Amino acid sequence: ATQNNLGIAYWHLASRHQESEIRARFLRKAIASYEVALTLVEQLSPTQLNFDPLATHNNLGLAHYQLGKDQHLVISQTQRVEHLETALHHHLQAGCQQQTLTSPAKTVESGRHQIALSYIIKTIRAIYHESGLPGQNRALSQIPAHLLSEILRSL
């Protein structure tokens, strides 16, 4: 939970800066913290967690998305696409896992699924913008079949 909260803190610091390099530095620190949190999730039982790993996947995806979309940041197109593809991976982790959860709070799960789905769609559009139709096709090939029709309607 501490690593997750640290990631959130770095993400908020990044959002307060106008200078791309400073923002990117905080986003990279957020990414590192979120990755540590998700690594620890794999080592713990669900009853030991006091934060939502699916939200952490979404947050990690957002941090990568922001690095990939920042046109003022001096990185190569390959690095931009890598950040966007990593963002897609994490948004899919959150979106796909949310579909399989069962709990009385279906409305909350549905809301989370919709949030993850909107991030997936934005990320696929960004990948298309950066790498054209071949990039979009690579991105779409990663989409699970049960989400594909829903995503294609929105693209």
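View 1. At 18% relative accessibility, Val41 counts as buried, since buried means under 20% relative accessible area, exposed over 50% and partly exposed in between, with a 1.4 Å probe and protein chains only. This is a predicted model, in which local features need pLDDT of at least 70, side-chain atom pairs count only at pLDDT 80 or more, and totals for chains, interfaces and linings use all residues. Residues are numbered from 1 along each chain as its sequence is written, and side-chain values use heavy atoms, with hydrogens and water left out. Val41 sits in helix 2; helices here are DSSP runs of H or I with at least four residues, numbered from the N terminus. Setting aside neighbours within four places in sequence, Val41 touches Leu49, Phe51 and Pro53, where contact means heavy atoms within 4.5 Å. Now look for Gly68: 27 residues from Val41 along the chain, with 26 Å between the two C-alpha atoms.

**View 2. Helix 2 from end to end.** Helix 2 has 24 residues and spans 35 Å from its first C-alpha to its last. That is close to the 34 Å expected at 1.5 Å a residue, the expected span being 1.5 Å times one less than the number of residues. Which residues are buried in helix 2? They are Ser20, Arg23, Ala24, Phe26, Leu27, Ala30, Ile31, Ser33, Tyr34, Ala37, Leu38 and Val41.

**View 3. Helix 1 against helix 2.** Helix 1 (residues 2-15) and helix 2 (residues 20-43) pack at about 165°, and their axes are 8 Å apart. Axes are lines fitted to C-alpha atoms, for helices over the stretch in contact, and angles run from 0 to 180 degrees between N-to-C directions. So the two helices, helix 1 and helix 2, are roughly antiparallel; that label is for angles over 145 degrees, while under 35 is roughly parallel, 65 to 115 roughly perpendicular and the rest oblique. Helix 1 and helix 2 make a left-handed crossing, meaning the near helix is turned anticlockwise from the far one by less than a right angle (clockwise would be right-handed). By class, their contact has 12 nonpolar, 4 polar and 2 charged residues. Here Ala, Val, Leu, Ile, Met, Phe, Trp, Tyr, Cys and Pro count as nonpolar, Asp, Glu, Lys and Arg as charged, and the others, Gly among them, as polar.

**View 4. Ala30, zoomed in.** Ala30 belongs to helix 2 and, at 0% relative accessibility, is buried. Beyond neighbours within four places in sequence, Ala30 is in contact with Gly7, Tyr10 and Trp11. Arg80 is 50 residues from Ala30 in sequence and 17 Å from it in space, C-alpha to C-alpha.

**View 5. Helix 2 against helix 3.** The axes of helix 2 and helix 3 (residues 53-69) come within 9 Å and cross at roughly 150°. That makes helix 2 roughly antiparallel to helix 3. The residues of this contact between helix 2 and helix 3 divide into 10 nonpolar, 5 polar and 2 charged. The crossing of helix 2 with helix 3 is left-handed.

**View 6. His90 in helix 4.** You'll find His90 in helix 4 (residues 77-100). Is His90 buried or exposed? His90 is buried, with a relative accessible area of 10%. Apart from neighbours within four places in sequence, its contacts are Leu38, His57, Leu60 and Gly61.
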